[in-house]
Structure formats: structure tokens, C-alpha cells
Amino acid sequence: MSVNVDAVFLAMADPTRRAILARLAKGEATVMELAEPFAMTQPAVSQHLKVLEGAGLVVSRVDGARRPRRLAPAGIDAMEQWLAMLRRGMEKSYDRLDEVLASMEEPKKRKGRKA
Amino acid sequence: MSRLTLKTEGDKHVIVTRHFAAPPEAVYRAHLDPKIVQKWLLGPDGWTMPVCDLDARAGGKFRYEWKHETKGHGFHITGEFVELTPHSKIVHIERMFLPQQTPDNHIETRFEPDGSGTLMTMRMTLPDEATRAAMLSTGMEKGMENSYERLEKMIPMGLKMEIGK
């Protein structure tokens, strides 16, 4: 997938943009619908949406006079990114655990000791 | 090369499996002896765990603090053990402080004999969408460089998360 990771991080750096993403995770919404809960002007919301769209996190469609926004597949992939980080950290730790376990084997006679 | 598997179950759970070339007794102990946990539950290179307090009994609490060797920042996790079945099962709850607190995660870790070694299976509950977004973006306001470092920091915690200790 062609997500610009830097752009994604920048886009998510703002709490309002994260809130917009969380709202869009529940379903598409127009600028007006997004502006309401945040007590923001529509231009301000549009500005945030522009950043989110630029990062590939949000897309829009035309529906008559409406232009509802929704999460882009890449936005949904934030989940994938999170899992990838989780995996990376775990792999490192468990590789380390392998070494620790190997070193535990030998002195196992003394396992009764309490630190 | 990696013997780790990670897959989602429904939209709320992550299942992690890993084989270890040591008996369940040793793997179980490595998750509950603070002196041992401190040696491996570190995630990416560069991180250490200067604080590892762990009371290994049902209802017992734990606290892990991580610190990066060169960058100044750190983060911590606190939790409680719900159920400990010697050599086969650890159930615990934990939350991270980034520094903002994340919702509690419930993690069940099982250890089963697998040949001459151990198959570990961990079942963790996923944080919700908003929490993951917050975790992904922690520290971002300090700029890109820093956010990557923070991202890194989330890894050990995430890993800690499933690691289940």
C-alpha cells in the first residue's frame, strides 16, 4: 500500500484530527456533521480534512450537493501499522528471551534460590 | 526466521504464538521472575527496564518502567495478575502510561509442552481505534524525529502487552 508514513504521523499528530478519524471510523460524515461535535468552523474542519486526505487517511465522494468523507483503506490500515509495531517489538523481546532461557538451562540446579 | 505468529481474532483480539526451546516451567518462570523479565522484555534495541516490580500471585501488582539509553524519555506500564497457574497459564490486566493512560488490556498467556520445548499462546484484547491512534501518534508534537523515537517506545510496551509477562 502506498501510504506515506511521515504524512500519516503528521496527520495524526493533532488531537482534533485523531478525533475526526475516530468519528469517521464509525461511518462517513459531511464537513457540517464533523464540525458540529468539535465546535469548530467548517473551514477549520476542511483544513484538517485536507491534511488527512493528503496523508491518504480520508477520501471523499460526491453525493448530489453533499461530499461525505470516509476513512480510506489506508486509514483502516492504521490497525495494520499498529500490529506491525507490536510484532516487531515482540520478536525482539522473544529473541532475547531465547538467549535468557538458554542460559537458564545450565544453572538450573540452583533454581530454588530466591532473589 | 521468526517463529512468532500474530493474527487477529474478530475485531477485538490478537492471538500471538511463539515456540521456545525450553520447558514450560522455565518459560513460565521467565515471565514472572523480575530479575529475568528485566533482561528480555525490552523491545527494540536501546531500551532498558530500570524498574521491574512484580508480585507474582493472584491479585499481585506489577510495574515496569522503560528508559532509552540515549534519548531521555521513558514510559511505564502497571498491572495486576488475575490468575496464575504454575507453568501453564498467566492472566493479567495492564495499562500503559504514555504518559496519558490507555484503557486496560486483558491478556491471557498459556504455556504448553511442545516437543522438548514450549508453545506459548497469548490472547490479548485490542485497544479501540482511538487508543491505537493515540498510541501511534504519541509525542508527535515534538516533531518527526522524536515521534519515531516515541513510536519505538510504544513497541516495547505493546510487546509488553502481549508478552503478558
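**A close look at one sheet**

Modeller: Let's start with a pair of neighbours: strand 7 (residues 105–114) and strand 8 (residues 117–125) of chain B run antiparallel to each other and are joined over 8 bridges. Strands here are DSSP runs of E with at least two residues, helices are runs of H or I with at least four, and both are numbered from the N terminus. Two strands count as paired if DSSP finds at least two bridges between them. Keep in mind that this is a predicted model, where local features need pLDDT of at least 70 and side-chain atom pairs count only at pLDDT 80 or more, while totals for chains, interfaces and linings use all residues. As for labels, residues are numbered from 1 along each chain as its sequence is written, with chains lettered from A and ligands numbered from 1 in the order in which they are written.

Within that pair, B:Pro113 sits opposite B:Thr118 of strand 8 of chain B. Now zoom out: in chain B, 8 strands form an open sheet with antiparallel pairing, in the order 1-2-8-7-6-5-4-3. Strand 1 (5–9) and strand 3 (47–54) of chain B are at the edges with a single partner strand each, so each has one side without a neighbour in the sheet. From one strand to the next, the twist averages 20°.

Then there's helix 1 (residues 24–32) of chain B, which lies across strand 2 (13–20), strand 3, strand 6 (89–97), strand 7 and strand 8 of chain B. Contact means C-beta atoms, placed from the backbone, within 7 Å. Helix 1 of chain B runs at about 155° to strand 7 of chain B; such angles go from 0 to 180 degrees between N-to-C directions, with axes fitted to C-alpha atoms, for helices over the stretch in contact.

Terms used: Contact = placed C-beta atoms within 7 Å.
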